[in-house]
Amino acid sequence: MSRPISKRAQAISPFHVMDILAQAKAMQARGHDIIHMEVGEPDFETPKPIIEAGIKALEDARTHYTPALGLPELRQAIADWYQTHYSVKVSADRIIVTPGASGALLLVMGALLDKDHKVMLADPGYPCNRHFARFVEGEVNAVPVTAKSHYQLTAQHVEEHWDANTRLALVASPSNPTGTVLTKSELAALSAAVKKEQGTLIVDEIYHGLTYDGFHAPSALQVDDEAFVINSFSKFFGMTGWRLGWLVVPDGYTEVMGRLAQNLYLAAPTMSQYAALSAFEGETLAILEQRRQILQQRRDALLPALREIGFDIPVKPQGAFYLYANCSTLLNEKVPDSMALSRYLLKEAGVAITPGLDFGNFEAEKHCRFAYTTSEERLLEAAERIGKALGRL
């Protein structure tokens with residue numbers, strides 16, 4: 001290029017899955033039948049009550065900016081959700097409405113992470129977390145995690161890996177890519193370990209509501225009122241394209257978050273905020289509960305099917321809509337790593353999955369992620385196609 005690109009931008013890598021997605025779309029355009037298990041977006045539409053609320057907002061000409069911190073009535077509705085759903089009292093003043101959870105992550109990193117200071121993350125983990133840290137010129141303290149800890153950071157990890165430059169610990173529960181959940185006792189121990197190091201705990205709770213087998217993910221706010229909690233209307237509430245999330249901050253941090261929001265994005269989308277007011281209504285929640293049950297059924301169908309054809313999935317995910325699989329026994333000279341396997345399965349089976357390289361470095365070449373975001377019938381068809389393709393290796 002004729003003009004220079006900042007070192008900051010050069011250090012941020014693209015999602016490898018987007019290459020898989022682009023190839024899949026090109027194959028579809030040529031008439032191939034592709035089963036998509038790569039993108040973390042279920043095939044459900046946004047619930048009708050939310051859509052109708054968005055339409056009404058447009059018809060009522062509610063198209064002007066809201067306050068930078070968010071629509072006051074939506075902030076109150078979110079605060080009420082914590083009271084009814086978690087029995088946690090949170091002032092609406094501590095709720096920051098953001099353009100998706102990504103906007104919340106940007107605010108947190110911008111407010112808490114200085115140049116060369118580190119945020120501790122699990123490896124594997126959601127890739128944007130480390131990229132946001134780099135964007136604000138911070139560093140990442142990536143901790144390899146395994147099935148032994150359900151792929152989650154623990155208090156012991158903090159004790160063993162915290163160093164002089166680490167300031168933050170960020171965990172996700174349920175997690176992407178593994179779907180595992182931290183219990184209340186694990187969150188409490190993690191919080192205590194971080195506080196012992198005089199650090200700050202950030203918890204990504206964007207998959208809350210999507211848990212299975214009667215398990216309900218606890219909020220970090222139930223054990224640590226000083227934690228920063230990120231959530232979103234994208235996953236459980238089905239509003240991916242509406243780009244709306246929120247952040248719960250401790251007392252004393254509202255002013256700085258408002259100042260950053262004003263300068264970084266001004267305010268979250270107005271129509272989306274009015275639409276989200278209906279997300280907590282009984283009619284909407286009933287729809288979402290039906291969808292949660294469908295996702296559990298999909299998990300329960302896909303998990304044994306993948307295990308049967310040779311994928312090692314040692315931990316049954318308790319939430320989200322992902323299966324994180326070890327594929328090492330399936331690799332050979334023809335497909336030496338998970339990226340090559342992903343490309344092979346797309347070409348030979350018409351199934352798109354995500355290589356582990358998108359989620360970190362630790363054993364990434366031996367793992368891949370399956371998103372059970374399409375119908376059970378298609379998921380089982382995908383497993384059958386994969387099995388046949390693997391048999392030709």
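Modeller: Gladly.

Colleague: Which residue does Asn231 stand opposite in S8?

Modeller: This is a predicted model, where local features need pLDDT of at least 70, side-chain atom pairs count only at pLDDT 80 or more, and totals for chains, interfaces and linings use all residues. Residues are numbered from 1 along each chain as its sequence is written, and side-chain values use heavy atoms, with hydrogens and water left out. Strands (E, at least two residues) and helices (H or I, at least four) are DSSP runs, numbered from the N terminus. In S8, the residue opposite Asn231 is Trp246.

Colleague: In which sense do S7 and S8 pair?

Modeller: Two strands pair if DSSP finds at least two bridges between them. S7 covers residues 228-232 and S8 covers residues 245-248. Over four bridges, their pairing is antiparallel.

Colleague: Which strands stand at the edges of the sheet?

Modeller: The open sheet has seven strands, in the order S2-S8-S7-S6-S5-S3-S4, with mixed pairing. An edge strand here has a single partner, so one side of it is left without a neighbour in the sheet. The edges are S2 (95-98) and S4 (139-144).

Colleague: At about what angle does H4 run to S2?

Modeller: Axes are lines fitted to C-alpha atoms, for helices over the stretch in contact (heavy atoms within 4.5 Å). Angles run from 0 to 180 degrees between N-to-C directions. H4 (residues 72-86) lies across S2, S7 and S8. Its angle to S2 is about 120°.

Colleague: Which residues of H9 are buried?

Modeller: Buried means under 20% relative accessible area, with a 1.4 Å probe and protein chains only. What covers them includes S2, H5, S7 and S8. In H9 (residues 254-264), the buried residues are Val256, Met257, Gly258 and Ala261.

Technical notes. Buried means under 20% relative accessible area, exposed over 50%, partly exposed in between (1.4 Å probe, protein chains only).
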